[in-house]
Amino acid sequence: MKLQRKNRVRALAVGALAVSGALALTACGSDDTSGGGGAGAAKTSNIKCDGKGKLLASGSSAQKNAMDVWVQAYAGACKGTEINYQPTGSGAGVTTFLQGQTAFAGSDSALKPEEVAKSKKVCKGGQAIDMPMVGGPIAVGYNVPGVDNLVLDAPTLAKIFDAKITKWNDPAIKKLNPGAKLPDLKVQAFHRSDDSGTTDNFTKYLKGAAPGDWKHEPAKKWEGAGGQAASGSAGVSSQVKQTSGAISYFELSYATAGKIPTAKLNTGAKEPVDATVDNASKAISEASQVGKGDDLALKLNYTSKAEGAYPITLVTYEIACDKGNKAETLPATKSFLTYASSKDGQAALKALGYAPLPTEIADKVRATVAKLS
């Protein structure tokens with residue numbers, strides 16, 4: 001009897017360890033589905049699968065972390081479809097789409113008229129349209145030893161990124177940070193080497209909020225003087241993390257993942273504004289639709305002085321044909337974008353540092369995705 005009881009206790013202990021291990025694995029799986037950080041699994045129960053095979057897409061690196069979560073959730077629900085998204089940058093993504101090589105593109109800037117014209121060769125009987133899918137703040141990340149609370153404004157940022165401010169103890173920075181111990185350290189400003197919608201939006205802010213200090217026209221290609229270049233949001237954020245005196249611009253999710261401090265903005269509001277999801281949402285809610293028909297291109301207010309509105313924001317668009325999408329990829333494209341724009345898909349974004357689309361915009365996106373043909 002004693003031996004039987006001893007074996008039974010041992011079996012129970014082994015069983016408990018097995019259950020514990022299973023729970024641990026489940027927890028790890030949940031973190032992976034959500035993009036890490038213990039944010040919780042992206043819901044997949046409402047995903048409607050359609051289409052089979054591989055779906056190719058590329059573009060914005062700003063939305064890479066969002067895409068990672070969506071793709072993983074979608075793959076878990078739709079076993080017969082593989083979504084392959086390459087974060088090559090907005091410019092490269094649009095070019096590849098216009099060459100007919102991908103089912104859709106991601107871009108942090110809406111299509112230009114000449115790009116829409118080119119798209120008619122790919123979109124038989126239709127044209128490419130912009131569908132907002134990911135919103136969020138463009139954070140200004142920095143690496144200044146001894147400074148963990150930094151305030152900057154548009155004129156100062158313009159001078160920093162145009163090589164007119166070269167030391168961290170410059171009088172302009174001192175004036176905005178009277179209590180900080182700013183070192184006599186060279187400013188190492190990093191910008192994107194690739195054509196980037198993040199660059200486009202960042203320079204739109206500089207031009208709109210500090211036209212006297214930023215003389216360059218906003219563009220995907222960097223036009224400022226001086227500085228150093230790195231590829232993609234991952235590249236510039238990595239340089240900031242490892243370079244003393246560095247500063248750059250990238251999506252909040254990269255700052256969060258890399259534990260990089262971000263500057264507050266003096267916008268003219270009562271208090272400097274943090275780069276947060278909620279503060280970006282306040283700014284995005286002021287956007288107006290400038291696209292016509294099913295094109296949902298938005299115009300952002302980069303000069304907002306509203307309390308708690310963070311004006312350096314971007315909206316990443318998924319670009320597809322309104323009509324004339326390839327028959328072999330259309331079902332999966334609609335299925336995946338329907339999930340991405342759904343309440344579940346958008347709810348998965350906040351923990352990653354992105355701003356879910358305002359309800360009014362999200363409703364328009366869902367209706368437009370449903371009409372793709």
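Predicted model: local features only at pLDDT ≥ 70, side-chain atom pairs only at ≥ 80, totals over all residues.
View 1. E12 spans residues 313-321, and nine of its nine residues are buried, which leaves the strand mostly covered.

**View 2. Strand E12 pairs with strand E3.** Strand E3 consists of residues 104-107. The pairing of E3 with E12 is antiparallel and comprises three bridges. Within this view, Ser-107 is found opposite Tyr-317 of E12.

**View 3. Strand E12 also pairs with strand E4.** Strand E4 covers residues 128-143. Its pairing with E12 runs in the antiparallel sense over nine bridges. Here Gly-136 stands opposite Leu-314, a residue of E12.

**View 4. Arg-192 is a buried residue in strand E6.** Strand E6 is formed by residues 188-192. Arg-192 counts as buried because its relative accessibility is 3%, and buried means under 20%.

**View 5. The surroundings of Arg-192 include a polar contact with Ser-196.** This contact joins the side chains of Arg-192 and Ser-196 at 3.2 Å. When neighbours within four places in sequence are left aside, Arg-192 is in contact with Ser-61, Gly-89, Thr-198, Thr-199, Trp-222, Ala-230, Ser-231, Gly-232, Ser-233, Val-236 and Tyr-249.

Terms used. Residues numbered from 1 in each chain as written. Heavy atoms only, no water. Helix = DSSP H or I, 4+ residues; strand = E, 2+ residues; numbered from the N terminus. Buried < 20%, exposed > 50% of the residue type's maximum accessible area, 1.4 Å probe, protein only. Polar contact = N/O pair within 3.5 Å; in protein donor to acceptor, adjacent residues only side chain to side chain. Contact = heavy atoms within 4.5 Å. Pairing = 2+ DSSP bridges.
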